[in-house]
Amino acid sequence: MKKILRYMGSYKKESVCAPLFKMLEALFELFVPLVMAKIIDVGIQERDLGYILRMCLLMAALGLIGLACSITAQYFSAKAAVGFATALRHALFSHIQSLSFSEQDSIGTSTLVTRMTSDINQIQSGVNLFLRLFMRSPFIVFGAMVMAFTIDVKAALVFVVVIPLLCIVVFGIMLVSIPLYRRVQERLDQVTATTRENLQGVRVIRAFCKESEEKERFHQENEALVKIQTFSGRISALMNPLTYVIINGGIIALIYVGAFRVDTGIITQGEVVALVNYMSQILVELVKLANLIITVTKAIACGNRIGMILETDPGMDDGTDRPGAGDRSEPAVAFCHASLKYKNGGDEALTKLDFTVRRGETVGIIGGTGSGKSSLVNLIPRFYDVTEGCVKVNGTDVRDYKIQELRSKIGIVMQKAVLFKGTIRENLLWGNEEASEEDLREAVRAAQAEDVVAGKAEGLDAFVEQEGRNFSGGQKQRLTIARALVRRPEILILDDSASALDFATDARLREAIRNLPGQMTVFIVSQRASTIQYADKIVVLDDGYVVGIGKHEELLENCEVYRETYYAQFPKEERA
C-alpha cells in the first residue's frame, strides 16, 4: 500500500485542505447543542421570544457556515481522489507495458484487467471518503466528549465508558474484515477470467453445444464469490447494530444520570438535552466511521493487490548500448547455443539452438505442433530471454540493445492477427508514423491487400472495429503484414501469419516480399511445407531441438521429420 501512496504527492494541498475544512464544519456543529441548551434554559424558560429568534439565527448561521465548509471539503477530496486514481492508473498501465511476456503470462490478463478497473475504482472511493471523514468523525467523537465534560463531569463519565466500547467493536470488525475482502477480490478475479474466456470463445462454445456446461461452471464460481461476499458482509453488518446498542445504552444511562442531576439542581434541562445531542452526534459519526472503515478496508485490500503488480520487477533489463546497423559482414541473426525455458513451464521449450542467418536470407521454420517454432522467433525481438546461450542481431547480443532500438529493426506479424479500433491508415501507421501515402500503398500491394482496401468506399480511411471484427481472418492477416512492411524492417518475422490465405495468394505474397528493395532478412514460420520449401534455408524443429537445417531438397534426403511432414501434405502424384 505504501508504494501507491506516493501518487498522492501532487495533491498534498487538497489532501490537507479537505480534512481541515471538514474539521471546521465539525467545530461549528459542536456549538449547536450549546445554542439549543441556551434556547431551552433562557429563551423558553423566560419566554423571551427575541432571544429565541436571535439564537435561531445564530444556529442557522452556524449551519450555513458548516455547509460552505462541507462543500469546499467535498471539492478538495474529490479532486485529490480522482487525480490520485488517474495517476495510479497511468502508472499501473505503464508498468504493465514494461513487464515481459513471462510476467504477463504468470499474472494473467483477467487479473490485470481487474486491477486496472474495479480495484482502482475502489481505491478512489476509499481515498475520497477517507479525506472527508478520517479527521471529522474522530474530532466530533472526542469533541463531543470534551464538550460534555464542560457541561457536567459526572454525566460525561458515560461518554468515557461508551467511546472505548465503540472503538473495540469498530476496530475489531475491521481487523477481521481486511483479509476477507482480499479473498473477495481474488474470487472476483476468477469470475472475471471465466467471463472473459466465455465472451472470447462464445463461437466455439456454441459450436460444441457447451452452453449448459459453461453456465454451470460460471454458476459455481459465482456462487463461491457470493458466499465469501455474504460472509464478509455479515461480519461488516455487525458494526451498525452493535454500535446502535452501545450508543442507545449510553443515551439511557445519560438520561438516567441527567434526571438525578437536574432534580438536585446541578444541571439544567437544556444541558441534559445538549448531552443527549452530543451522544446522538457520536452515534451518527460512528455510523459514518463504520462505513468509512468498511470502504477503506476494501481499498487497502485493493491497494495491496495493485502494489503487488507494481512490485513485480520486469524480467528484462534494458540494454545499455545503442548499436547502429552493425557490421555488414556479421550475420543478421545468430543463435548461439540458445535455450529457453518458460517460467513455471517445466521442460525446456527450446534446447541448444545453434545456427546463423545471413543478411537478405529467407528462413523457413517448420515443425510439429508444440515444437517451439513461435518460441524461436520470439527470442529475436526479445519477447522472452534465453535461459542459456545468446541470440545476436548484427553481431550484438539482443540483451545489449535498448529494447526500443532492437525492435525498431524488426517487423513481426503474430499468429493471431490483431487490429486496433480506428482506420486502416491508423493501423498501418503503427509500423511507421512518418510513412507517406505511397509507402502505405506499396506495403498494401506487397501484402496482397489491395482488394481489401479497394473494397471499402473510404479506402485507407475505412473504419476498423475493435479487434478488426468487420474484416475476415485472411483480410486481417494481410493488413497486419502490410503494417509490418510499412516499417521497412531489417528483419521480418511472419509467425504462421498466412494460415488463412489460399495457396495462390500465399505464393504471390512471398514473391512480393522477396522482390522488396533492400536486404531484408525474412523468417517464415509455417505448418505448410509449400510456404517454406523455396526458402534459402529451412530449420526443422522437433520438441525444441533443431533436427535439420538446409534447403528443401537436402532435407528431403537427410531429415526424416521434414520428409514425413512434406509427404503427409503432398500425395505422391502432387509432389513437385
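Visitor: Which residues does the UniProt annotation "transmembrane region" cover?

Guide: That unreviewed entry lists residues 20–40, 52–76, 133–151, 157–181 and 237–259. UniProt positions follow the numbering used here, and such annotations may be inferred rather than shown by experiment. By the way, this is a predicted model, where local features need pLDDT of at least 70, side-chain atom pairs count only at pLDDT 80 or more, and totals for chains, interfaces and linings use all residues. Residues are numbered from 1 along each chain, and side-chain values use heavy atoms, leaving out hydrogens and water.

Visitor: How much helix is there in residues 52–76?

Guide: Helices are DSSP runs of H or I, at least four residues, while strands are runs of E, at least two. Residues 52–76 are 100% helix, with end C-alpha atoms 36 Å apart. Residues 133–151 come out at 89% helix and 0% strand.

Visitor: And how do I read a sheet?

Guide: Strands of a sheet pair through backbone hydrogen bonds, either parallel or antiparallel. Here, two strands pair if DSSP finds at least two bridges between them. This model has an open sheet of 6 strands, ordered E6-E9-E10-E3-E11-E12, with mixed pairing. Strands E6 (410–413) and E12 (545–550) each have a single partner strand, so one side of each lacks a neighbour in the sheet. E11 (residues 537–542) and E12 run antiparallel, joined by 5 bridges.

Visitor: Is lysine 3 buried, partly exposed or exposed?

Guide: Buried means under 20% relative accessible area, exposed over 50%, and partly exposed in between, using a 1.4 Å probe and protein chains only. Lysine 3 has 28% relative accessibility, so it counts as partly exposed. This lysine 3 sits in helix H1 (residues 2–5).
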